[in-house]
Protein chains: 4
Amino acid sequence: MELGMIGLGKMGANMAQRLVRGGHRVVGFDPDSDARAAVEAFGAETADSLESMVDKLPAPRVAWMMVPAGDITGGTVDALMGLLATGDTIVDGGNSNYKNTLDRAKAVADKGMHYIDCGTSGGVWGLAEGYSMMVGGEKDAVERLRPVFETLAPGKEQGWGHVGPSGAGHFTKMVHNGIEYGLMQAYAEGFSIMEHKKEFGLDLHQVAGIWRTGSVVRSWLLDLTADALGKNPAMDGIAPFVPDSGEGRWTVAEAIDLDVPAPVITQSLIARLRSRDGESFADKLLSAMRNEFGGHAMKKEQ
Amino acid sequence: MELGMIGLGKMGANMAQRLVRGGHRVVGFDPDSDARAAVEAFGAETADSLESMVDKLPAPRVAWMMVPAGDITGGTVDALMGLLATGDTIVDGGNSNYKNTLDRAKAVADKGMHYIDCGTSGGVWGLAEGYSMMVGGEKDAVERLRPVFETLAPGKEQGWGHVGPSGAGHFTKMVHNGIEYGLMQAYAEGFSIMEHKKEFGLDLHQVAGIWRTGSVVRSWLLDLTADALGKNPAMDGIAPFVPDSGEGRWTVAEAIDLDVPAPVITQSLIARLRSRDGESFADKLLSAMRNEFGGHAMKKEQ
Amino acid sequence: MELGMIGLGKMGANMAQRLVRGGHRVVGFDPDSDARAAVEAFGAETADSLESMVDKLPAPRVAWMMVPAGDITGGTVDALMGLLATGDTIVDGGNSNYKNTLDRAKAVADKGMHYIDCGTSGGVWGLAEGYSMMVGGEKDAVERLRPVFETLAPGKEQGWGHVGPSGAGHFTKMVHNGIEYGLMQAYAEGFSIMEHKKEFGLDLHQVAGIWRTGSVVRSWLLDLTADALGKNPAMDGIAPFVPDSGEGRWTVAEAIDLDVPAPVITQSLIARLRSRDGESFADKLLSAMRNEFGGHAMKKEQ
Amino acid sequence: MELGMIGLGKMGANMAQRLVRGGHRVVGFDPDSDARAAVEAFGAETADSLESMVDKLPAPRVAWMMVPAGDITGGTVDALMGLLATGDTIVDGGNSNYKNTLDRAKAVADKGMHYIDCGTSGGVWGLAEGYSMMVGGEKDAVERLRPVFETLAPGKEQGWGHVGPSGAGHFTKMVHNGIEYGLMQAYAEGFSIMEHKKEFGLDLHQVAGIWRTGSVVRSWLLDLTADALGKNPAMDGIAPFVPDSGEGRWTVAEAIDLDVPAPVITQSLIARLRSRDGESFADKLLSAMRNEFGGHAMKKEQ
C-alpha cells in the first residue's frame, strides 16, 4: 500500500522503516529536515509539508499520524481535514485520550472521511519485533488497511486487531499502559526488597535471569529488567525520578468514572508522583504534627 | 494511693506530676539523677534503684512502668518479679506489643502477682488535659487502681476504661495508633493538595482554623495541625522525613493476620517508609526500565 | 439582613431556620409546597417561584442556593441571572465542582452581579452547632454578607472565613471532604480490626467512648462513631455498601493534576468503590488465573 | 542421579516424572498409595515409609521434599534427621518461610548433613516446560545436585541458579510470589476496567490475544489470562473470592521490616483479603457514620 507517515520521531521513523521493508510505499513528513533525511536513507520518500505529502499520495489517501497527543494531534487532524478528500483515511497511531478521539472521529466522519485510532505498543523494539496494535474505527476502513497492519504487527494474524468502534483502540491502549504501570511497579518493589536484604548478598541480575524461563513472573518487562540490571546492577547514577505520561492518569480517572476499584494501577501512578516530590509538604507537616502532640524531634532540612 | 513510677522521661514525669497533684504518693525511679531531681521539684519522692523504690512502698505494692517497649520493659519486669511479693501489681503503661504483654502477664501471674497493661495516649498534653487509658488485665486488679486511673484520666469517668483481659489494653492502644497514622496522613495529604494549588493563594493556617469548629473534620489533631501551620506555614527547614514506631507496623501485621483489609492504615505506614527512602532503588529501576523499552531518557543523579 | 434561600431540603431548611433565629428575614423558595410549609412553621417567608422570591427581596438582593451540584445549580444560576439586577449577589452554598464555579462566577460578573462560593460543612448538626463555611469570591461582596456568615457559623469569628477568590471556597470544601473520607476510613479500619479480634471480646462502643477524651484520635467523627456503635454495636442489618459523592473523586483527580501523592485519600475512595462491587470481575479473573497456572480450585458462585 | 521424592502431590509427582524422563532414578514416598501408584506408572520406584525410602537410596543420599510448608515440612525434616547420615542432603522444594529454613538448615548442619532450600516456580506447567528454581545453601552441596537441577529446569543453564546461602532460595521465591500478586492484580484491574466500558463492546479474549505479541505487557501470566478469558469470557459461575498463601503476606511483612515501601504488592494482598470479606464491618460502619453526620440513608442488608 501507499501511505503518508506524519511525524518521523522514534516511533514514526521506525514504523516507516518496517513498512518500507515490507514493500509499502511511504511518504514521510516531518518539519525537521534531519528526520526526513533519516527515513530517506532506508528508502522512504518524504515531503516537506502536509500539502506536499498529500499531493504525493494517490486517492483514496491514507495519512498516518505518529505525533504527540493533545494539541499537536488535534492541529494535525484539523489541517488534514482541509487537505484530504471524501473517502480518505486518517490514522492516529499516537497515545491520544480516547475522548478526544471520539470528537475527532465525528468531525472527520462529517466530512466523509474515515478516522482510525490505532493504539500502538512496542516502543523502540517495534522495528525489530513488530508493534502491538489495538485498532478502533469502522470495520471497512480498518479492513482496507489490513496490509499495513499485517506488516507492522509481529505476525500476520498476531499482535493486532480491530477491537471496536472509534475510540476503542485508544481506550484499550490506555488500559494497556495502566497495566504496564502496575507490572513495572510490582517488579521494582520486588527487586527493591531483595536489594535491601543485604545478608543474602543476592545478585539481582542473576535472579532476574533465573526467572526469565519457567517462572510464573516471566515476561518481556522482566527480560528488559534483567538487561537493565546487567548493565547497571546498583542503578548507579540514576535519579529515583519517574515521569508519567497521560495514559496512567487517564486509566485511574476512567476506573473511578466506571466505579471500578483499581488500587494497584492507582498506587503505581501515585508512586511515580511521589518519586518526583522530593520536598513533600505532606511529610513535613506530618513531622510537625508529631512534634506537636508527642514532642518528637523534627529532622532539620540540610 | 501510693505507687512507684519507673521511668521519669517525658511521659513518666508528667504522669507522676499529675498523680502528685491529685493527692497520690509517688516514688519515682529513674537511673538519671536529673530526671529524679525534676520530679522531686513538684513533690514526688524518688529512689535511686528499683530495690529502694520497692522498699519505700507499702504492700500490696504498685509498680508502674513508663519505659521503652521491648528489652527494657522485659528486663524491668524480670527485675520486678524478683523484688515484689504475692499480691503486688505491675503496670506497663508503655507501648509494648500486646503479644509480649501476654507472655509477661502469664509469667507475673505464675508468681502470684498482678499484671496490668495500660495503653496510654495523650502525649505531652496529658499533664494538662489528662491521659486516655485503655486498660487490660483482671477486673479486681484494675479496680484496685481505680483512684490512679481516675486521676490520670481527663475526668473521673472519662477517657479510661477496663477493656478486657491482659493484652487487650495494649492491643487497643496499638489500633489507636494505627488509626492515628491514618488520620494524620489524611490531613497531611489534604493540606498538601491545597498548598500546591498556588492560584488560590490559600492561607493554610486560616483554613485549618475555619475547620476547627462546625466542620466534619474537626479534631484534636486538626487543632495541633492549625498550631503547627501557625508557627511555620511553609514548613520551612523541616525535612520531609517521618519516623514510625512499632504500633503502626503491628497494626498492619495484625490486620493481615486477621484477614481485615486496612488499605488506609497500611498506606499511611508505607508513606512514612517512603519519606525516609530518599534513594529509592525501586524508582531508579523504574527509570531504567522506561529507558529499556521506550528509549526514554533517565534523569541523572546530581 | 434579608436573603432568599433557594432549596429547602435538609441543608437549606436548617440554614433558613438558623438565620431566622438569628434575626434575619428569609424568603425561602422550593418547588415542593411541603418544604415551604415546613420553613414557614419557624417563621420564614416563602415564595412559590424564583420570580416571586426575587420580587419579595429589596435591592441589592442576596440569593443563596442550597441545591444539588451540577445541572440543577447551573440552571438555577442561569435563571437568577435573568431575574436579578446589577449589584445583586448569588451565593452557591452547595457542593459544586470548583471548576464549574469559576465559569459561573465569570458569567455572573459579566452581568455586573456578584458570585460567592460557600463550601458548607456541618451536615444535620449545623442547625444546632453552626456551619463551617469556606467562602470564595470578591472581598467586598463577602464582607457585605458578614452578618449572614456570622449567624450561620458556630461563632462570630469562628468556623468561617473568606479563603480566596471565586472557586477557592468550593476547592477548599472539596479537599475538606477528601480528608473526611480518609478520616472515616481510618476509623472504620481500626474498629474492624478490633471487631475481628474475638479473643479480647472488646466492646467497641466502650473503646470509642474512652478515646473521646484525652486521646490523640479524639474528634467529632469519633463522637459520631461512638454514637453509631452505641445504637448498633454489631452493625446489624446495615449493608456493607458505601456511596460516594463527587468531592472525593474530585479531590483524587485534583491531587493527580497537581502531582501530589495522596495515597490515603485515594484508597478511601477506592474502598467505597469496592464496597459496591459485589461481583468483582477482577476478583473472578484472579481466581481463574490461579486455576490456570497452579491448578488451584475456583470457588463457585452460589 | 538417584534421589528420594517426598510428597507426590501435584508438584512432587510432576517433578518426579520430569526427573525419570531425564534418566534419574527416583524413589517416591507418599502416605497415599494412589499417589504412589501414579508415579510408578511412569517409571518411578516408590516406598511406603520414609525409612524404606531411605533404605532404597545409596549414600550419600538425597531426600527432596515437596510437602506443605509449616509443620509438615518441619516434621519431615525432624524425621529425616533421624534416618539420614552424615553427608546426606535434604532439599526443601516447597514454599517454606525463609526464617524457618534458616533454623532447619542450622539444625541439619549440626548433624553433619546438608540442607538446600529450593524455591520452585512453574505450577502445573512445570512438567512440560521445566521449573524455575532459586536455590539456597552451601555451594558444594548445590553443585552435587546440578544434574537434578538441570533436568528439572527449562534448560541446562536456564531458569535455575544458586542464589545465596541457606534461606536465600526461599527468600527469593517469596519475593517472586509477591511480585506475582502484583502482576496478577494489575492485569485483573485492567481487564475489569475494559469489562465495565460497555459502550465499546470489547472482546477481552481478543484484547488479551493481541497483547500477547509485540506489546509491553506480554507475559506468561497474560498468556494464561487469555486462555482463561477464552474458556469463560464473562467469568460465569466463578465466585469473586481469591485465596492467598503465605508468600504474599511474608513479602509484605519483609518489606516493612526492611523499610522498603511496597504499595503495589501490599495492595495486591489487601485486594485478596477484601475479596473474602463479604460482610465488611468497616463498610457497615462507614455507612452508619454517614448516617450520623449527614442523615444519609443506610442501605439495608437483604
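Trainee: How many residue pairs are in polar contact between chain A and chain D?

Mentor: The model is a predicted one. For this count, both residues of a pair must have pLDDT 80 or more. Between chain A and chain D the number of such residue pairs is 20.

Trainee: Which helix of chain A gives the most to the side of chain A that touches chain D?

Mentor: Several elements of chain A each supply at least two residues of that side, among them helix 5 (98-110), strand 7 (132-136), helix 9 (168-196) and helix 13 (263-275). With 18 residues, the one that gives the most is helix 9 of chain A.

Trainee: How do the residues of the side of chain A that touches chain D divide into nonpolar, polar and charged?

Mentor: The contact involves 66 residues of chain A and 66 residues of chain D. On the side of chain A, the division is 34 nonpolar, 26 polar and six charged.

Trainee: Which three residues supply more of the area that chain A buries against chain D than any other three?

Mentor: The area buried between the two chains is about 5,700 Å², and carbon and sulfur atoms give 72% of it. Of the area that chain A buries against chain D, 13% comes from Ile193(A), Phe200(A) and Val216(A).

Trainee: How far apart are the closest N and O atoms of Glu254(A) and Lys197(D)?

Mentor: The rule finds four salt bridges across the interface of chain A and chain D. Glu254(A) and Lys197(D) form a salt bridge, and their closest N and O atoms are separated by 2.6 Å.

Trainee: In chain C, which residue of strand 2 is the bridge partner of Glu2(C)?

Mentor: Strand 1 (residues 2-6) and strand 2 of chain C pair in the parallel sense, over five bridges. Strand 2 (residues 25-29) is mostly covered, since four of its five residues are buried. Within strand 2, the partner of Glu2(C) is Arg25(C).

Trainee: Is His114(C) buried or exposed?

Mentor: His114(C) lies in strand 6 (residues 114-121) of chain C. Its relative accessible area is 15%. The cut-off for a buried residue is under 20%, so His114(C) is classed as buried.

Trainee: With which side chains does the side chain of His114(C) make polar contacts of 3.1 Å?

Mentor: Not counting residues up to four places away in sequence, His114(C) touches residues including Asp88(C), Val108(C), Glu138(C) and Arg144(C). One polar contact of 3.1 Å joins its side chain to that of Glu138(C). Another, also of 3.1 Å, is made with the side chain of Arg144(C). The side chains asked for are therefore those of Glu138(C) and Arg144(C).

Note on methods:
Residues are numbered from 1 along each chain as its sequence is written. Chains are lettered from A and ligands numbered from 1 in the order in which they are written. This is a predicted model: local features need pLDDT of at least 70, side-chain atom pairs count only at pLDDT 80 or more; totals for chains, interfaces and linings use all residues. Side-chain values use heavy atoms; hydrogens and water are left out. Contact means heavy atoms within 4.5 Å. Buried area is the accessible area (1.4 Å probe) that two parts lose on being put together, summed over both. A salt bridge is a side-chain nitrogen of Lys or Arg within 4 Å of a carboxyl oxygen of Asp or Glu. A polar contact is a pair of N or O atoms within 3.5 Å; within protein, one must be able to donate a hydrogen and the other to accept it, and residues adjacent in sequence count only if both atoms are side-chain atoms. Ala, Val, Leu, Ile, Met, Phe, Trp, Tyr, Cys and Pro count as nonpolar, Asp, Glu, Lys and Arg as charged, and the others, Gly among them, as polar. Buried means under 20% relative accessible area, exposed over 50%, partly exposed in between (1.4 Å probe, protein chains only). Two strands pair if DSSP finds at least two bridges between them.
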